[in-house]
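Q: Could we go through this structure together? I would like to start with the overall picture and then turn to details.

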Amino acid sequence: MVPKIHKRGKRTIGLLYYLYGPGKAEEHVDPHLVASWDHCAPDPGRDAEVTYKELQQLLDQPLALLTDRQRAKPHVWHLSVRNGPADRILSDEEWGDVARRMVAAAGVDAPEQGAGCRWVAVRHDADHIHILATLAREDGYRPDLDLDAVRVQAEARLLEQELGLRRLKPGDGTGAQRPTSAERHKAERQGRERTAREELRESVRRAVAGARDENEFFDRLAAAGLLIRKRTAPSGDLLGYKVALPDDLNKDGKPIFFPGARLAADLSLPRIRERWSADDPATSQDEAIRTGPGDPAAARRGTASAAWQAVLIVEHGEDAVAAAQIAAAGEVLDALAKTSAAHTRRELRDAATAFERASRSHVRAVRGHDRALRQAARDLVQGGPALGRGEDGATTAMAIDMLFFLITAVAHWHAKKGHAQQAEAATRAAEYLRAAYQTAAAQPLGVLYQRGRRLSRSALVRQTVLLRETLPSLAEQILAEPGWHALAATIAEAEAAGHDPTALLSDTVESRELATADSVSDVLVWRLRRRADLPADATGIPEDPTVKNPATARPSAARTNVPWRRFGEEAPGHTR
């Protein structure tokens, strides 16, 4: 249940016309009263002889008791209360009870005192009601509406529990503006999967991901096919911007523009400029050279490394620094979704969309400490679209694996701060990343599994001893996991490349605890390959001389269908 207090107005009759009218997109159905201040207010929706003017006059009568100065202030209070699409449809009687609870909680009505304001609740759709109140009490005073938004939200949480509705997490006012009912109905009529507001929000997020300056940002918006209006001061300085979809038109056939701040608070031009304020152009240029255009695999390797370092900062850094890492993680997810292959694109896009809510809180980010992640986002965009196979596909799995750790750490950080909505959003994003990982990792881990199965017996024995000496508490668990053969192949490959397997494995294990991992072997595969700079895709790499002859290797039933681990399943309350 989502209550929303709208901007106060001065024309009661105007709001009545809207509530009882067809709506901006003909979306209003059967407008009628479900409750009122005296339980018997005339209803223009049910009685053809009742006029809007008559109802308006009754609502506004107490204004005569106020002073001229009081009457000059906006006196029309407007609250909409909406249920989610998964909630059951409430009856008129239930919506009437909701309305009475809401006006009492807000301070509009005071049944126990008998001196409340006059109000009506109108229902013109199955999933929501509108409450209109005149802010003049029957005793000649104005109501005390301090913290009315907080109070109606708290009442909504109680009503959700009592009415058996989906229980939402308490918000902190940093969430993006939801689409209006008119926008949703319009999207349905046009056959859109999402509203124009939601499409624009995603497009602007992707445009700003890793962008270096305003010119690049606006160039990306234009390349995405958006219409752009810039707002400038008389001096010529740029103050803001608006964007629109070319085919999203109003009744006059003109595009409907949304300011960046109406898409999300951190998409206003001043907030976007904060991301660039701490950038070092020279450093950014040097780092960009390392990952030239058209190198998506290198960009994904860089993303994995940046995400791994960010995990440590989120878990142990100062709040303002952690907040910057969290915001930059959103840019990385947007960039990865934008450049992903078709088979992982949907899950990565859903992960980025879900994480958008987790990227903002009242903890103000200190920019500058997030350069590595922002550069990773830029490299992903500059590297271009990735293939779903080969090194591109394998490094995608590596990056997703590391990002899962980061997003899970973000969920725990928000939970510790009491940011319920953000913690839930990060958790949902991690679930989408899990699904994307399973798709991306199937082929590269399958190759490693087969290579490990073909290792000679002496090589397997040697690595088993190494494992038991390095990880005595986890060795037996790893040896029993399906991913052990992939890990064994990775260790053999690192040894063939000149690395000391004992030192490499020890250093990798010490970088972060492993006791809570559901599949330690799977985690270690990507850590070792990243740390040893091994190709993420082992296809085509000459096998170690200790492997058996592939021509005489015994076929395995698991060769074509490897039962990989349930990615990301963890001990309760802890990361992997």
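Surface, fold and charge pairs

A: The protein chain exposes about 25,800 Å², and carbon and sulfur atoms supply 51% of that area. Please keep in mind that this is a predicted model.

Q: How many helices and strands does the protein chain have?
A: Its secondary structure comes to 22 helices and eight strands.

Q: And what percentage of the residues count as buried?
A: Of the 576 residues of the protein chain, 53% count as buried.

Q: What share of the contacts between residues at least 6 apart in sequence join residues at least 24 apart?
A: In the protein chain, that share is 74%.

Q: Let us move to charges. How many salt bridges does a search of the whole structure find?
A: The search finds 40 salt bridges.

Q: Which residue forms a salt bridge with K186?
A: The partner of K186 is D248, and the closest N and O atoms are 2.8 Å apart. This pair links distant parts of the chain, 62 residues apart: K186 is in helix 6 (residues 181-189), while D248 is in the loop between strand 7 (238-244) and strand 8 (258-259).

Q: Is D248 buried or exposed?
A: D248 counts as buried because its relative accessibility is 3%, under the 20% cut-off. K186 also counts as buried, at 16% relative accessibility.

Q: What about E331, which residue does it form a salt bridge with?
A: E331 forms a salt bridge with R374, with 2.9 Å between the closest N and O atoms. Here too the pair links distant parts of the chain: E331 belongs to helix 13 (residues 319-338) and R374 to helix 15 (residues 371-383), 43 residues apart. Both residues, E331 and R374, are buried.

Q: And how far apart are the closest N and O atoms in the salt bridge of R529 with E493?
A: They are 2.9 Å apart in the salt bridge between R529 and E493. R529 lies in helix 22 (residues 520-531) and E493 in helix 20 (residues 484-496), so the pair ties together parts that are 36 residues apart in sequence. R529 counts as buried, at 0% relative accessibility, and E493 is buried with a relative accessible area of 11%.

Q: Which residues are linked in a network of salt bridges?
A: The network links E193, R194, E202, R206, R346, R349 and D350.

Q: Switching to the surface: which residues gather in a patch of positive charge?
A: The patch on the surface brings together K4, K24, R229, R231, K242, K254 and R262.

Q: Where is the place of K4?
A: K4 is in strand 1 (residues 2-5). At 33% relative accessibility, K4 counts as partly exposed, because this value falls between the cut-offs of 20% and 50%.

Q: What is L505 in contact with, leaving aside its neighbours within four places in sequence?
A: With those neighbours left aside, L505 is in contact with L466, L467, T470, L524 and L528.

Q: How far apart in space are L505 and L528?
A: From C-alpha to C-alpha, L505 and L528 are 7.2 Å apart, with a separation of 23 residues in sequence.

Terms used:
Residues numbered from 1 in each chain as written. Predicted model: local features only at pLDDT ≥ 70, side-chain atom pairs only at ≥ 80, totals over all residues. Heavy atoms only, no water. Contact = heavy atoms within 4.5 Å. Patch = residues over 30% accessible without salt bridge, like charges linked within 9 Å, V, L, I, M, F, W, Y side chains within 5 Å. Areas by Shrake-Rupley, 256 points an atom, 1.4 Å probe, with all protein chains shown as cover. Salt bridge = Lys/Arg side-chain N within 4 Å of Asp/Glu carboxyl O. Lys, Arg positive; Asp, Glu negative; His and termini not counted. Charge placed at Lys NZ, Arg CZ, Asp CG, Glu CD. Helix = DSSP H or I, 4+ residues; strand = E, 2+ residues; numbered from the N terminus. Buried < 20%, exposed > 50% of the residue type's maximum accessible area, 1.4 Å probe, protein only.
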